[in-house]
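Me: I'm new to this one. Can you walk me through it in short answers?

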Amino acid sequence: MRQFPLEMHHMAPGRVVEWRLRSTAAQAPGPDDEPDRRASFNQDKHFTVAEESRAADDPVASWIAVTFEVCGALDENALTRSLLAFVQRHEVLRCEFRRLAGELACAPIAPDGLALDTVPVAAFETSEALKYFLIERFKRSIDTLSWPLFTMGAVLREDSATVYLAFDHIVCDGLSMPIVVQEVQSAYEAVCRGEEPLAEPAPSYLDFAEEQRRRYLSIDAGDDRLAYWKSFIARGGGEFFPRFPLELGVEPGRMYPIVNEASPLLDAGEAEVFEKACLAVDGKAFMGVLAAVAVCLREAGGPGVYRGFMPVSERGRASWTGSVGWFVNTMPIEFDASPGRDFAQVMAAVRAGFGEMIGHIDVPFVRAWELLAPEEFAARSWPYPVNFFSYIDMRKCPGAERHEDWRPSTHVWSARANGACSWFQRDADGLHMNSIYVDTPVARRTMDDFQEALRLTVREIARHGSLRRPIALTAPRRPARTPLDVTAYGRRT
């Protein structure tokens, strides 16, 4: 399972059917209604940006989607039951968001107050027409300010089907996508066997949000728990956001259309050898990738000390490992990758920097942002290109043992950006990279060279366990590729 643009998905055409969620509850509140809950800090900021953008007639648009395969002719009734059971299990998916006395409230609909309507959409004769439809469908249907906050459908063929679900970020994160696949597929297979789908409610993200607010809403800028953030800001010259150190050709205050591209870095065998090289110097694979990123940025003209943001999952703190929600805290990380340091030394610095970061993970990113950079918090986007690194090992996610059968993939999209973000995924086929960045000539050159240098660097680590070969961004360029190059990401249907 990996993340790549939907445009690169080779999906066979077919007949599209969607399942539309609706509430069967009466409009007037009754004694059995579930009480309103408070949103998390992530949700509140996300919703506020959507409100302000709508008011300024400058709407922000984005989505996270997942697709997976069903072998054989699809049993539409079985999928209807499995999708409904999935939504009923996760309280955050049953929520309407609304402002109450200035706070963002989540109004959950009771599980038995929901129904799914099966809606035939259209039949598509070509993959290109189908792909265009899905891209436009997700753009039109995902609206932070409108319920429901996701769309569900399938492409039906005589002997197979591709199921898709697309979500607003307010109800999920990247690690929610494998959970979606595992639950829907398992429920579907159970119903097809004549069994009932799992009905027990999953631990609720709303409980997580309530606990988070209870612990951190009352803190102020003088709280000792912000010391790590303050130290990081001070070493960065007073800036809350760590800048992306390479030139992207952007103007201050301007947003740009995006480039969304993905490419392989290592195949399965190379990834195994790469991990062994990392373990040999007391590191983990994700630390090796981060070390390689830092060295490539430095060789391109960036600083010797790496400074960036890193999203960290908060699911492991309690029982939310199988729950859908936005369980992500974004944290700053810093380590020395100066010239002259070998792989073991850079890895030791990454390990120390990561350990220091994890030791201070409690304070939510949005709360730290609001308290320590209030002027920038009032804006609708990060102020300039920010250095951002994300890594997920999909082999460790729920349902990974069935990924070869289900062939799931994740897709992210955003209408505009003012910088660059890169996500790295490890799966059974190797190590992969997906980047979204501003569509400028400078950014295209910078990111093209950076990706090629990174590919050479991780291969150097895999082959020699070292950084002895300097990797500069004067490496030979890759052959030109089109946005629909699916050589490495083609899907067998």
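Me: Let's start with a single pair. In strand 9, which residue is the bridge partner of Val66?
Reply: Leu165 is the bridge partner of Val66. Keep in mind that this is a predicted model.

Me: Which way do strand 4 and strand 9 run, and how many bridges join them?
Reply: They run antiparallel, and 8 bridges join them. Strand 9 covers residues 160–167.

Me: What about strand 4 and strand 14, how many bridges there?
Reply: Strand 4 pairs with strand 14 over 6 bridges, in the antiparallel sense. In that pairing, Trp63 stands opposite Trp413 of strand 14.

Me: Is strand 4 mostly covered or mostly open?
Reply: Mostly covered. Of the 10 residues in strand 4 (residues 62–71), 8 are buried.

Me: What sheet do these strands belong to, and in what order?
Reply: An open sheet of 7 strands, in the order 1-14-4-9-8-2-7. The pairing in this sheet is mixed.

Me: Which strands are at the edges?
Reply: Strand 1 (2–3) and strand 7 (114–123). Each pairs on one side only.

Me: How is strand 7 joined to strand 2?
Reply: By 9 bridges, with the two strands running antiparallel. Strand 2 spans residues 15–23. Val17 has Pro120 in strand 7 as its bridge partner.

Me: What packs on that sheet?
Reply: Helix 2 (residues 76–89) does, touching strand 2, strand 7, strand 8 and strand 9. The direction of helix 2 makes about 130° with that of strand 7. Helix 4 (residues 176–192) packs on the sheet too, touching strand 4, strand 9 and strand 14. The direction of helix 4 makes about 35° with that of strand 4.

Me: How many bridges between strand 3 and strand 6?
Reply: 2 bridges, in the antiparallel sense. Strand 6 is residues 103–108. Arg38 stands opposite Ala105 in strand 6.

Me: Switching to helices. At what angle do helix 8 and helix 13 pack?
Reply: About 130°, with their axes 9 Å apart. Angles from 65 to 115 degrees would count as roughly perpendicular and those over 145 as roughly antiparallel, so helix 8 is oblique to helix 13. The crossing is right-handed.

Me: Which residues of helix 8 meet helix 13?
Reply: Gly288, Ala292, Val293, Cys296 and Leu297. Among the residues they meet in helix 13 are Phe450, Leu454 and Ile461. By class, the contact of helix 8 with helix 13 has 9 nonpolar residues, 2 polar and no charged.

Me: How do helix 7 and helix 13 cross?
Reply: At roughly 70°, and their axes come within 8 Å. That makes helix 7 roughly perpendicular to helix 13. The contact of helix 7 with helix 13 has 6 nonpolar, no polar and 3 charged residues. Glu270 in helix 7 and Arg459 in helix 13 are among the residues in that contact.

Me: What about helix 10, which residues are buried?
Reply: Phe365, Val366, Arg367, Ala368, Trp369 and Leu371. That is 6 of the 8 residues in helix 10. What covers them includes helix 1, helix 5 (205–216) and strand 11 (305–313).

Me: Which residue in the loop between helix 7 and helix 8 stands out?
Reply: Asp282. Asp282 has a positive phi of about 65° although it is not a glycine.

Me: Why does Asp282 count as exposed?
Reply: Because its relative accessibility is 59%, and exposed means over 50%.

Me: And what is phi for Arg407?
Reply: Near 50°, a positive value in a residue other than glycine. Arg407 is in the loop between helix 12 (403–406) and strand 14 (409–414).

Methods: Residues are numbered from 1 along each chain as its sequence is written. This is a predicted model: local features need pLDDT of at least 70, side-chain atom pairs count only at pLDDT 80 or more; totals for chains, interfaces and linings use all residues. Side-chain values use heavy atoms; hydrogens and water are left out. Two strands pair if DSSP finds at least two bridges between them. Helices (H or I, at least four residues) and strands (E, at least two) are DSSP runs, numbered from the N terminus. Axes are lines fitted to C-alpha atoms, for helices over the stretch in contact, and angles run from 0 to 180 degrees between N-to-C directions. Angles under 35 degrees count as roughly parallel, over 145 as roughly antiparallel, 65 to 115 as roughly perpendicular and the rest as oblique. A crossing is left-handed if the near helix is turned anticlockwise from the far one by less than a right angle, and right-handed if clockwise. Contact means heavy atoms within 4.5 Å. Ala, Val, Leu, Ile, Met, Phe, Trp, Tyr, Cys and Pro count as nonpolar, Asp, Glu, Lys and Arg as charged, and the others, Gly among them, as polar. Buried means under 20% relative accessible area, exposed over 50%, partly exposed in between (1.4 Å probe, protein chains only).
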